[in-house]
Amino acid sequence: MRTLLITGPGGSGRTTVAAATALTAARDGERVLLLSADRSDTLGAVLGTATGPAPVRAGERLTLWRPDAAAGFRADLAAFQERATAALDLLGASRLDPEEVTPLPGAEELTLLRALRDAALSERHDLLVVDLPATAQALALLALPEQLRRYLRRLLPPERQAARALRPVLGRLAGVPMPAEWLYETAARWDLELAAVEAVVADRDTAVRLVAEPGPAGSDAVREAVLALALRGLRPEALIANRAVPEDWPPALVAQQRKTLEEWQESYDVQVLPHLGHDPRGADDLAALGARTAVNAAPSTVEWPITDHLSDDGVLVWTIPLPGAIREDLDLVRRGDELVVTAGPFRRIVPLPSALRRCTVDGASLREGELRVRFAPDPALWPAAR
């Protein structure tokens with residue numbers, strides 16, 4: 001199954017583009033699932049079919065789904081309270097009833113990630129179109145699985161889990177109860193679920209599309225989004241220039257959009273969708289946009305290659321593509337076996353490849369949108385360097 005992740009700055013019309021793309025694919029004969037993360041039913045308003053926590057058919061081959069974060073959060077909390085009965089009783093804690101529970105911040109993101117995983121692993125559809133939140137929230141959402149997996153590994157390292165027979169002895173020696181087995185089992189299950197989401201995003205059949213209105217504000221938003229995606233090892237498969245005005249509209253606006261489109265076409269695969277003169281509503285309006293469903297052959301994932309310069313310069317070079325990055329806004333910190341990369345307002349903590357863990361950072365440079373980090377072998381850890 002192919003997956004299209006669609007996002008853009010607020011007000012860019014990303015939900016309309018996602019709906020138009022899904023509708024076109026369904027009319028072309030594909031079985032399509034359109035997944036939305038919005039609290040309000042903006043997707044239903046565009047398509048004329050109400051959406052909700054249960055998948056609903058909006059056509060012969062089109063299914064809409066807007067998962068309910070509240071229901072998922074209540075179910076997870078109830079399961080946690082059931083598993084932690086002994087600990088809660090020991091603390092004298094009172095249980096929370098499902099009726100009094102409201103989702104905490106982040107529950108919607110986790111619900112969407114779970115739905116994305118479930119939909120991608122099913123075999124009921126040919127195309128999954130995901131109407132992601134606005135760009136800033138979407139980028140945080142895509143980063144969430146990797147961040148949560150890192151937190152789990154730090155807080156509950158699987159290799160430090162005590163053998164079942166030793167836990168009572170270790171608990172008496174330490175004077176505190178050892179973590180229960182279910183805690184490690186839960187962490188392992190979460191890690192597996194988050195890894196599945198990461199695999200969906202990194203799959204060759206997954207593409208990221210940016211939606212923006214051509215103009216100065218849209219150009220700034222695209223530049224920032226492309227840099228943030230690059231830091232995640234992703235690039236936009238296509239740039240959707242939405243609401244392109246006709247030639248007979250005010251000349252200043254036409255010229256402004258034309259200038260932006262020419263700049264975009266130098267760097268991206270641009271698809272231009274027309275301004276209909278009104279907010280698109282219903283199947284006919286969506287079909288009039290002419291949204292493209294075909295995906296480029298090049299994947300959205302970007303490799304970060306390591307080049308061997310040991311014979312010439314005595315270093316290994318790790319190349320990290322960061323288009324649009326500014327030297328003054330870049331920062332690198334080596335932290336154990338991790339590299340903390342900051343580009344403008346975005347940051348990512350990346351585990352070092354095994355070869356680079358035995359090296360020290362020897363410098364870095366930014367050239368033509370690529371960050372090249374040099375690593376020199378540590379003689380104490382690299383036999384060939386002794």
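**An aromatic cluster**

Both Trp304 and Trp318 are buried. The model in which they are found is a predicted one, and the geometry described here should be read with that in mind. The rings of Trp304 and Trp318 form an edge-to-face aromatic pair, with 5.8 Å from centre to centre and 65 degrees between the planes. Because Trp304 lies in the loop between helix H11 (282-289) and strand E9 (306-309), while Trp318 belongs to strand E10 (residues 315-321), the pair ties together parts that are 14 residues apart in sequence.

Trp318 also takes part in a pair with Phe375, where the ring centres are 6.4 Å apart and the planes stand at 55 degrees, so that this pair is tilted. Since Trp318 lies in strand E10 and Phe375 in strand E15 (residues 370-377), the pair ties together parts that are 57 residues apart in sequence. Trp318 and Phe375 are both buried. Under the criterion that ring centres lie within 6.5 Å, the count of aromatic pairs comes to two, and Trp304, Trp318 and Phe375 form one aromatic cluster.

**The four-stranded sheet**

Four strands form an open sheet in the order E9-E10-E15-E14, and the pairing is antiparallel. Its edge strands are E9 and strand E14 (359-367), each of which pairs on one side only. From one strand to the next, the twist averages 25 degrees. E14 and E15 pair in the antiparallel sense over eight bridges, and within this pairing Ala364 has Val373 in E15 as its bridge partner.

Another set of strands can be followed from strand E12 (residues 338-343), in which six of the six residues are buried, so that the strand is largely enclosed by the rest of the structure. In a regular strand the side chains alternate between the two faces of the sheet. Both faces of E12 are covered, with Glu338, Val340 and Thr342 buried on one side and Leu339, Val341 and Ala343 buried on the other.

Which strands does E12 pair with? Strand E11 (residues 330-335) is joined to E12 by six bridges, and the two run antiparallel; Arg334 has Leu339 in E12 as its bridge partner. E11 and E12 form a hairpin with two residues between them, and in its turn Gly336 has a positive phi of about 60 degrees. E12 also pairs with strand E13 (residues 346-351), in the antiparallel sense and over six bridges, with Thr342 standing opposite Arg347 in E13. The hairpin of E12 and E13 likewise has two residues between the strands, and here Gly344 takes a positive phi near 65 degrees.

**The eight-stranded sheet**

Eight strands form an open sheet in the order E3-E4-E2-E5-E1-E6-E7-E8, with mixed pairing. Strand E3 (56-57) and strand E8 (270-274) stand at the edges with a single partner strand each, so one side of each is left without a neighbour in the sheet. Within this sheet, strand E2 (residues 32-36) and strand E4 (residues 62-65) run parallel and are joined by four bridges, and Val32 has Leu62 in E4 as its bridge partner. Helix H5 (residues 107-121) packs on the sheet, where it touches strand E1 (2-7), E2, E4 and strand E5 (127-131), and the direction of the helix makes about 170 degrees with that of E2.

Thr3, found in strand E1, gives a residue-level view of this region. Thr3 has a relative accessible area of 4% and is therefore buried. Leaving aside residues up to four places away in sequence, Thr3 touches Leu116, Leu128, Val130, Asp205, Thr206 and Ala207. Although Thr3 and Ala120 are 117 residues apart in sequence, their C-alpha atoms are 7.7 Å apart in space.

**A kinked helix**

Helix H6 (residues 135-155) has 21 residues and reaches 30 Å from its first C-alpha to its last, which is close to the 30 Å expected at 1.5 Å a residue.

Technical notes: Residues are numbered from 1 along each chain as its sequence is written. This is a predicted model: local features need pLDDT of at least 70, side-chain atom pairs count only at pLDDT 80 or more; totals for chains, interfaces and linings use all residues. Side-chain values use heavy atoms; hydrogens and water are left out. The expected span of a helix is 1.5 Å times one less than its number of residues. Rings of Phe, Tyr and Trp (its six-membered ring) pair if their centres lie within 6.5 Å; planes under 30 degrees apart count as stacked, over 60 as edge-to-face and the rest as tilted. Buried means under 20% relative accessible area, exposed over 50%, partly exposed in between (1.4 Å probe, protein chains only). Two strands pair if DSSP finds at least two bridges between them. Contact means heavy atoms within 4.5 Å. Axes are lines fitted to C-alpha atoms, for helices over the stretch in contact, and angles run from 0 to 180 degrees between N-to-C directions.
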